[in-house]
Structure formats: C-alpha cells, structure tokens
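This briefing concerns the chain shown below.

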Amino acid sequence: MARAKYFRYHDGGRAAAGYRGKAGDCVVRSIAIATGLPYQHIYDMVNRASTRERTGTRKRGISNARTGVYKSTIHRVMKELGWRWTPTMQIGSGCKVHLRPGELPSGRLVVSVSKHLTTMIDGILYDTHDCSRRGKRCVYGYWQPPPRRTLHPRQTELFVQPQSRPAPERIPPRNPARPQPPPDSPRRKSFFEWLFG
C-alpha cells in the first residue's frame, strides 16, 4: 500500500494557534483533528482535566497538553466530549488489530497505540508522521464519536458549541389595585327642595 494513499500530514491546528517547535502533543493534536474543534480549545480542556489527577510515588507529575497525558485523563476528556471507547487488545490476548484501514471501522477515530495517539478518518491516517509502521503497529483501542441521530437535524457540524438558553421573559410585577374612592354619598336635599319637591 503506497504511503500517499493512507497518510496525510496534519498538525491539528497547532501552527495556526501560534505554537512553534516540537512538542509531545499527540493527544491534543489527534483529538482536535478528529473532532474538528480548535487546537487551543482541546489544549485548555486537557490541562483543566489534568488538575483532577492524583500524584504518588509512582506518579510524580500531572498530565500536560504539551509534554504528555496519562490514560485516565485521556479517557476523562473523551468521555466529556461524548466519544465511546472500544478496546481491541486485552492482557495476554496478543495483537489482533493493526493500524491500517482494513482492520479499523470507517468514520472518525482517535486511535490508541503504544505511547501515542493518532487519528484515522475513513481509512486515512492524519498525523505529523506515518506512525503505522507500514501497517504493522498494534492498536490498543479507539474512540468513536456519538451517533449522529442524537444531534439536532439542522446541526451540520459534528460538534457545535451549545447555545445558551435565552433568558426567560421578565414579567413586570402587577401593581396592587389602587383603592377606589368610595362612591359619592347622595346629596342631602335642602329644606326648600324637600318642601317643594
């Protein structure tokens, strides 16, 4: 299979966001490519999710969008986006799915391989380099987007920022009814009106 047929260079919008130089940002890059969301949006989302991580003797630091992200945080971010995880490799099962079009479903996929995350869309690999190892790299699992039937029929893009609900219309408070003046009491007739009537 010729490389040009299944690989396309894509930085996920990193350069457009103003970032320069090399970075271990494969998580941000692949999620941005697959979802179509801006690179900076995913970058900030990953760093926000990393603040909930716990550190310990085996885990010194927390995830960082630029230098690397732990699996738990990747799962948290993808779950927040509504994507579902499909594992393709279990402990002791051996490699059953490889990073090539014939072994992965069509559509938008964020694919997990050893120490890397990449994107495959309809059988084409989008990344900064061909990480497939000539189609022999094992796939641990992949994320797929939520079904389109859950989206509004007029929504053309897969992910659109939710619109804020319009503020409820304010109804002016009713003024309490003003007390009506008592009806005029009948005028008393004068003596002459009463007499001549």
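In which loop is the place of R133? R133 lies in the loop between β5 and β6 (141-144). The model is predicted, so local features require pLDDT of at least 70 and side-chain atom pairs count only at pLDDT 80 or more, while totals for chains, interfaces and linings use all residues. Residues are numbered from 1 along each chain as its sequence is written, and side-chain values use heavy atoms, with hydrogens and water left out.

**Overall architecture**

- The chain has 5 helices and 6 strands; these are DSSP runs numbered from the N terminus, with helices (H or I) of at least four residues and strands (E) of at least two.
- From the N terminus on, the order of elements is α-β-α-α-α-β-β-β-β-β-α.
- Of the 197 residues of the chain, 32% count as buried, where buried means under 20% relative accessible area, exposed over 50%, and partly exposed in between (1.4 Å probe, protein chains only).
- The accessible surface of the chain comes to about 14,500 Å², and 53% of this belongs to carbon and sulfur atoms; accessible areas come from the Shrake-Rupley method with a 1.4 Å probe, and for residues only the protein chains shown count as cover.
- Among contacts in the chain with a separation of 6 or more, 61% involve residues 24 or more positions apart, a contact being heavy atoms within 4.5 Å.

**Burial of helix α2**

- In α2, 10 of the 10 residues are buried, so this helix is largely enclosed by the rest of the structure.
- The buried residues of α2 pack against α3, α4, β3 (108-113), β4 (116-121) and β5 (124-127).
- Just after α2, G36 takes a positive phi of about 80°.

**Packing of α2 with α3**

- Helix α2 (residues 26-35) and helix α3 (residues 39-50) pack at an angle of about 130°, with their axes 9 Å apart; axes are lines fitted to C-alpha atoms, for helices over the stretch in contact, and angles run from 0 to 180 degrees between N-to-C directions.
- That angle makes α2 oblique to α3, given that angles under 35 degrees count as roughly parallel, over 145 as roughly antiparallel, 65 to 115 as roughly perpendicular and the rest as oblique.
- The crossing of α2 and α3 is right-handed; a crossing is right-handed if the near helix is turned clockwise from the far one by less than a right angle, and left-handed if anticlockwise.
- On the α2 side, V28, R29, I31, A32 and T35 meet Y39, I42, Y43 and V46 of α3.
- The residues of the contact of α2 with α3 comprise 7 nonpolar, 1 polar and 1 charged; Ala, Val, Leu, Ile, Met, Phe, Trp, Tyr, Cys and Pro count as nonpolar, Asp, Glu, Lys and Arg as charged, and the others, Gly among them, as polar.

**Packing of α2 with α4**

- The axes of α2 and helix α4 (residues 71-81) come within 12 Å and cross at roughly 15°.
- The two helices α2 and α4 are therefore roughly parallel to each other.
- The contact is formed by V27, I31 and T35 of α2 with I74, V77, M78 and L81 of α4.

**Individual loop residues**

- H98, in the loop between β2 (84-87) and β3, counts as buried at 18% relative accessibility.
- Leaving aside neighbours within four places in sequence, H98 contacts E103, L104, G135, K136, R137, C138 and V139.
- K115 sits in the loop between β3 and β4 and is exposed, with a relative accessible area of 88%.
- Although K115 is not a glycine, its phi is positive, at about 55°.
- R133, also a residue other than glycine, has a positive phi near 55° and counts as exposed at 52% relative accessibility.
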